[in-house]
Amino acid sequence: MSPEDIEKLLEDGLTLYGYGKTDDAIILWRKVLEIDPDNQKAIDYIQSAGYTGEQKAAEVHRVTTKDAEFININYIRDLLKSRRFELAYEFLEHLVEKDYSSNRQIMAYISLVKAQLIKIYNEELYNFKKVPKLNIKEQDIVKYNLDKSDGYIISMIDGYSSMEEIMQTISTVDRFELMKRFYKLTKLGITGF
Amino acid sequence: MGKTIGIDLGTTNSCVATTIGGKPFVIPSSTGNRLIPSYFAITQDEKTLIGVRAKRQSITNPKNTIFAAKRIIGRRYDSREVKIAKDKLPYEVVAGPHGDARVKCGGKIMSIPEVSAAILLEAKKVAEGFLENSIEGACITVPAYFNENQRQATIDAAEIAGLKVLRIINEPTASALAYGQKRGKKNELIAIYDLGGGTFDISILELGEGVYEVLSTAGNTYLGGEDIDNRIINSVLEDFKKTHNINLKDDVMAMQRLKDAVERAKIELSTQTEATISLPFLTETSHGAIHYNTVITRNKVEDLMIDLIDQTIQTCKNALEGAGLKKDDIDEVILVGGQTRAPLVIKKVVEFFGKQPNRGINPDEVVAEGAAIHAYNIGSPLPSNILVDITALSLGIQTKGGAFTEIIPQNTPVPITKTRKFTTTYDNQDAVRISVYQGNEKMANDNELLGEFVLGGIRLAKKGEPNIEVGFDMNSEGILKVTAKDADLGTEQTVTLEAKSRLSEEEIREMKDKMSSLEVELKEQ
């Protein structure tokens with residue numbers, strides 16, 4: 001199996017995880033470990049997904065976990081249990097800013113939470129295939145707590161381009177960030193369909 | 001049987017039309033747009049965008065968005081035009097394997113016909129989608145001043161896009177055809193004032209019964225609506241700097257929004273005396289978001305553009321002189337190009353020609369309409385209009401000291417055959433190189449090189465004695481045949497000139513395959 005195939009199994013696992021199919025995701029990641037027993041991503045994903053039966057993962061966890069991180073990890077697990085994924089993502093981003101970016105488990109959690117959020121965004125925003133419209137008067141936009149990236153996204157709403165098509169034309173903002181912003185604008189009632 | 005279409009392949013916008021019952025009909029896209037911005041882009045995630053969507057990210061993705069490809073199509077990389085364009089374009093222009101100009105987009109090197117092919121592909125897609133029919137062939141328009149290389153490159157673009165070219169026709173001729181269909185059968189002299197997004201052209205035509213003859217043409221390839229937009233943008237940037245002490249130029253998202261808003265405001269000012277620009281959350285500082293609101297007046301915009309419009313009027317004078325006419329001789333003035341909707345343009349045209357322009361045609365669509373009419377006429381058993389075109393640029397050869405010696409002057413009706421005598425420059429010279437150029441500059445190298453060949457076996461004699469006849473024969477399709485003959489010995493060499501920078505057949509085939517894959521990708525989008 002080529003490194004590309006392994007990478008694909010890891011990615012497919014993330015997609016399945018994003019759709020709530022944790023067991024199926026773990027099957028794929030374990031397949032990776034069968035071929036490459038030291039694959040750190042697979043170990044981290046299995047561990048972060050809460051699967052305790054994996055001997056290798058548990059070992060890694062014991063070796064790398066420091067006290068402070070352990071507290072953080074527990075807090076993230078609590079957030080995930082209560083399905084507060086957006087808050088979990090914000091907290092994880094905060095940890096990355098605080099120099100935890102070298103912590104593999106935190107990075108694995110980011111991938112997992114991202115996958116979960118993408119699943120939610122896809123479900124609630126019709127896989128981004130719908131054409132968004134502005135639900136409020138243009139002069140009322142300034143009443144909201146937005147930033148220039150939000151302002152830019154709003155300016156791209158033209159009445160015939162779908163969210164997916166709009167996202168394709170915005171190269172200055174990362175795709176996940178765009179999805180998040182579309183979700184926020186919809187939740188705030190600024191945009192609708 | 002498939003339908004025929006006409007395509008106005010513009011510098012900033014393109015338009016596609018067909019005929020229904022012999023009458024022209026502009027085809028809207030599935031989103032209702034009647035114009036296709038001539039923009040091509042490759043995004044960060046390697047998606048290809050054409051038209052409106054490519055344009056709407058042109059400032060945020062400047063290196064990978066190709067626009068105004070028409071300015072450099074069929075040009076040599078080392079030509080003066082490419083040098084000028086390179087300074088003005090945000091994307092990278094590089095030298096191609098045939099000395100042609102190419103562009104870098106999405107990490108790939110693309111030929112200009114390939115970029116234009118993508119726009120033509122979009123036009124074809126719009127037409128096929130609307131007509132629910134395959135396209136049998138197309139008439140494509142080019143500016144009257146396009147040289148042979150540029151025309152050939154446009155034909156190559158159509159071939160890459162999988163379009164059969166029925167005819168390449170000049171834009172003013174197409175406009176005249178569309179106008180002609182709506183007029184009575186009288187003889188008329190008309191002026192076509194075409195101010196588009198990137199270029200200005202004025203053409204004088206004589207319309208007889210079924211005969212359309214171009215008498216003269218002149219223009220400015222760097223004067224158009226976008227120059228006016230840029231002036232408005234600069235004025236807004238100054239105002240923003242004054243109010244907020246922020247230079248917005250480096251903020252690509254803000255600049256993209258500003259460009260879109262200015263374009264909309266300018267269109268609004270064609271019918272209203274003021275327009276509001278409202279851009280919430282345009283930018284931000286450490287103190288928070290900045291919203292921008294301003295009112296632009298028509299008077300202010302007219303002050304910003306008046307010198308540009310005056311330049312077009314000066315060019316109109318030159319075109320009339322070229323045709324040997326006075327402005328009173330003109331029976332009708334036709335306005336072409338979106339920018340001619342500006343009241344100041346209409347006012348200046350009325351002042352100069354002393355008459356109101358014809359209001360019966362849509363300036364954005366008339367060129368495509370004319371091309372569609374011509375495409376229909378080609379396939380029709382009925383007698384069609386005869387189009388008499390002219391050479392918008394002089395044709396000649398390079399002579400002593402690199403000078404350009406004219407053989408067919410500018411504004412000569414085609415078909416035409418002309419011969420001129422030359423001689424040798426040194427004793428016992430047995431061969432001469434004939435370098436054929438097209439252009440209006442005095443030095444050959446400042447014009448476009450069309451081709452070169454050598455006439456050998458010249459009678460050995462003192463310099464200046466041999467008689468070498470160089471003949472130019474241009475047919476109504478604009479194909480040039482050049483003959484060089486030693487009149488004393490009868491030795492003759494004839495070549496049909498093909499663009500030196502032309503793509504090879506193999507390259508065209510490869511690009512066509514790539515374009516077919518893109519066509520599938522676009523259909524899936």
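1. A word on terms before we start: the axes mentioned below are lines fitted to C-alpha atoms, for helices over the stretch in contact, and angles between N-to-C directions run from 0 to 180 degrees. Please keep in mind that this is a predicted model.

2. Let's begin with two helices of chain A, α7 (residues 104-124) and α10 (residues 175-187). They pack at an angle of about 50°, and their axes are 10 Å apart. At that angle, α7(A) and α10(A) are therefore oblique to each other. Their crossing is left-handed.

3. Who makes this contact? From α7(A) come A:Lys114, A:Leu117, A:Ile118, A:Ile120, A:Tyr121, A:Asn122 and A:Glu124, while α10(A) supplies A:Phe176, A:Met179, A:Lys180, A:Tyr183 and A:Lys187.

4. A:Tyr89, A:Tyr121, A:Phe176 and A:Tyr183 form one aromatic cluster. Of these, A:Tyr121 belongs to the α7(A) side of the contact described above, and A:Phe176 and A:Tyr183 to the α10(A) side.

5. Over all chains, the count of aromatic pairs comes to 13. In one of them, the ring centres of A:Tyr17 and A:Trp29 lie 6.4 Å apart with the planes at 40°, so this pair is tilted. A:Tyr17 sits in helix α1 (residues 3-18) and A:Trp29 in helix α2 (residues 22-35), twelve residues apart. Are these two residues buried or exposed? Both A:Tyr17 and A:Trp29 are buried.

6. A:Trp29 also pairs with A:Tyr45, again in a tilted arrangement: 5.1 Å centre to centre, with 45° between the planes. This pair links helix α2 to helix α3 (residues 40-48), its members being 16 residues apart. A:Tyr45 is buried, as is A:Trp29.

Conventions: Residues are numbered from 1 along each chain as its sequence is written. Chains are lettered from A and ligands numbered from 1 in the order in which they are written. This is a predicted model: local features need pLDDT of at least 70, side-chain atom pairs count only at pLDDT 80 or more; totals for chains, interfaces and linings use all residues. Side-chain values use heavy atoms; hydrogens and water are left out. Helices (H or I, at least four residues) and strands (E, at least two) are DSSP runs, numbered from the N terminus. Angles under 35 degrees count as roughly parallel, over 145 as roughly antiparallel, 65 to 115 as roughly perpendicular and the rest as oblique. A crossing is left-handed if the near helix is turned anticlockwise from the far one by less than a right angle, and right-handed if clockwise. Contact means heavy atoms within 4.5 Å. Rings of Phe, Tyr and Trp (its six-membered ring) pair if their centres lie within 6.5 Å; planes under 30 degrees apart count as stacked, over 60 as edge-to-face and the rest as tilted. Buried means under 20% relative accessible area, exposed over 50%, partly exposed in between (1.4 Å probe, protein chains only).
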